[in-house]
Amino acid sequence: MESLRPRLLVLRGGEAVASWEIPPEKEWRLGRSPDSPLPLEERSISRHHVRVFCGAEGVRLEDLGTPNGTWVDGRPVKGSIVLRDGNLIRLGQSTNPDPLLLRFEDPGGRLLDAMARSAPPPGAEPVEPAAGPEPAVASAEAPPPEATTAPPARAPREMTVVFDASGAARAEPGEDTTAPAPEAEPEPPPPRRPGIPKQAILWAGLAFVFVLWLLWGLRSTQKPWQSVRVDPLRAQSGGRVALRGTEIEPSQELKVFVETQEARIEELARGELVFTVPEIAAAEAGTRTVTLRVERRGIVLLRQTLQHETVPVVRAIEPKEAAVGDTVRLTGSGFASEPGRIEVRVGREKAALLDSSPQEIHFRVPVLTRSVVVEAPVEVVIGGVVSAPVNLRVRPREAPCFVLAFEPRYVAPRVWEIRHRFGPALYLEAPPPAEAADAPAPERVRQAIDGLGEAFGRAGSDPGVRFEVRGAGSASAIVALGLGPAPREVARWGRSVVAWVKEQAPELQQVELVPYWNAVVLNELLNVFAKKQAPRLLSASDPARAALARLNALSLETGGQGCPSASEVETLTTAEADAFERAALRVPPRFGDVGGTWQGTFENAFSDDPQKPTLELKLELRQSGTTLEGRAFIYELRGPGIRWSPPPLEGLRGRVKLGAETQIEMTFQPGPPYDLVHLSGTVSEDVLDGVFRNERGKQARFQLGFGPSQ
């Protein structure tokens, strides 16, 4: 039977999403506060927006002075009002086109109104009793008999005085001038006592029974369980909670609810009820206050708050076997929407989380193995609470290394560009392509592609494979070492290539150094895609090195050997791809370009005197490709403002060595007083750091800064 208690329904989009029966024993405050009996999660609703309580006239609603106001049936509420069945209540939300509404329903009042409308109205035509002799019934309340009205008195006839002949007078009756009396109307029958309608007797009986039932229901509702204890007050889904008290009587009609979920009653005896806490839909990990409610026939016997602890529970893992780096899904409950709150452990390794919700987690399988299949437990940790483990079979990563393929492109007269998946690799001079569309590329171009492919294919098993530059100027050639007993020429420059590069990169000071830079970029690609090493040759600030470092790290994180797979290469961003596109001609400012003046400190390792003077060194270098010439000045600082220098050291000869770093080596003609014979150093940005050696074998360090040529 439907409960006759008044209630409030929460309407969203015209659909009822929640319901709350209004208990008469206390007042309630509705709003966004967690202790509100109804969920009202709208920004313009105050935490305590309205007060609902039962008064003598019925259920009343009072606005608590909120800034956004309260409306009932479109009229603002000032103070408190009595709610009527069907009232629509809006809390705030004046600008919301589809606001959250409350509808007040009063089933008991509605039923009484329906009965009142069905009863016969006062003054209705009474129902005649059946014909038959009516016994005389004496009644003290019978009205007295009506008085009989006497007929009206007739007026006397007039007398006339007549004189005869003798003069004597006599009286004679005159004419009767009185009008004859009208005939008396028949008297109406005495009024009869009305009978009692049978329909009214039936309705009165039904109303009496209904009132008794309603009073019994209200009496039961207003006397909830008062002495029942809840143990424990903090519980998890699946845990057991006991209710104990003398008011508990075994009944099949008892129902227990936690929020809107019905709980399963495990034990029920006089004085005790034990139930299992149900799952709370879409609840995140943590502790929150929920409502515990016990009902019988729709009548609330107990309403109390319960601290519900939501813990992570894993119910399924899909798939049950995955390779390192694959994505795995966990389904269950008590997770979190913020991945930062969650830690997924696979064995002893922490997995990378991809996304999460209260019911699902997606993570990437960490590196547990690189050779055999292993089985590992998977656990979810949130706030220090660890879920029960589920097993996952993990196999090694199966994705092979991405193979760089090379193809030619004719970019200018007699200038060919050899490209890889990400951009240009090198340039060479060769005849133009044949006019036929299907004609093969010139022999030099095919030779370059074959050499590159063979070098990248062999470098995985032979770390000695690398690229170098032989020759100088327009006669420079990129060669591959490790493909045979002698270096194998891959691509040769020429005047056409030099002229084209000057047009494409006019900012370059030493165009002849571009082949060396191309060799450095190729060796870096060898390191990552073939030798499975981290990039180390390009400058740390180079965006192409940053992209290669990310691919290398991603491969290692997903169980690879360090060489990225095809799927990982697909993760390159537009900016990273653009960095590779421009890498072949993006020569660093100080790459191989050391011509100019270098000056700085010079360690004095030539004298045993403790008071030996401080030395300074200045180099003046001229560069042509990788060839260096110049002279050196050595200064002795003998006191404040006192600086002495022997004659400059002429005839310096040397070269630039280009690879992972720019290095220089120079030789001197020995001469007093220092007899320097050799100097070597490494250029980093505008600093030349190195060592020198004299004829007697003594060594010392120097550090010079770069300045423009003088």
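Is R297 buried or exposed? I looked, and R297 is exposed, at a relative accessible area of 53%. My cut-offs for that word: exposed is over 50%, buried is under 20%, and partly exposed lies in between, using a 1.4 Å probe and protein chains only.

**Ground rules.** I am working on a predicted model, where local features need pLDDT of at least 70, side-chain atom pairs count only at pLDDT 80 or more, and totals for chains, interfaces and linings use all residues. Residues are numbered from 1 along each chain as its sequence is written, and side-chain values use heavy atoms, with hydrogens and water left out.

**Entry 1, positive phi.** I stayed with R297 and checked its backbone: phi is positive at about 55 degrees, though R297 is not a glycine. I found R297 in the loop between β19 (286-296) and β20 (299-310). Strand labels here are DSSP runs numbered from the N terminus (E, at least two residues; helices would be H or I, at least four).

E259 sits in the loop between β16 (254-258) and β17 (261-269). I get a relative accessible area of 28% for E259, so I call it partly exposed.

Which residue does a cis peptide bond join to D231? It is P232, and omega there is about 0 degrees. I placed P232 in the loop between β13 (229-231) and β14 (234-236).

I also noted a cis bond from E318 to P319, with omega near -5 degrees. P319 belongs to the loop between β21 (313-318) and β22 (321-323).

I looked up S476 in the loop between β34 (466-470) and β35 (477-481). S476 comes out buried, because its relative accessible area is 1%. What is S476 in contact with, leaving aside its neighbours within four places in sequence? I listed V469, R470, G471, A491, R492, W493 and P515. Contact here means heavy atoms within 4.5 Å.

**Entry 4, a hairpin.** Last, I traced β26 (residues 352-356) against β27 (residues 360-364): they pair in the antiparallel sense over four bridges. For two strands to count as paired, DSSP has to find at least two bridges between them. A hairpin of three residues takes β26 into β27. Which residue in β27 stands opposite L353? I found F363 there. A reminder to myself: side chains in a regular strand alternate between the two faces of the sheet.
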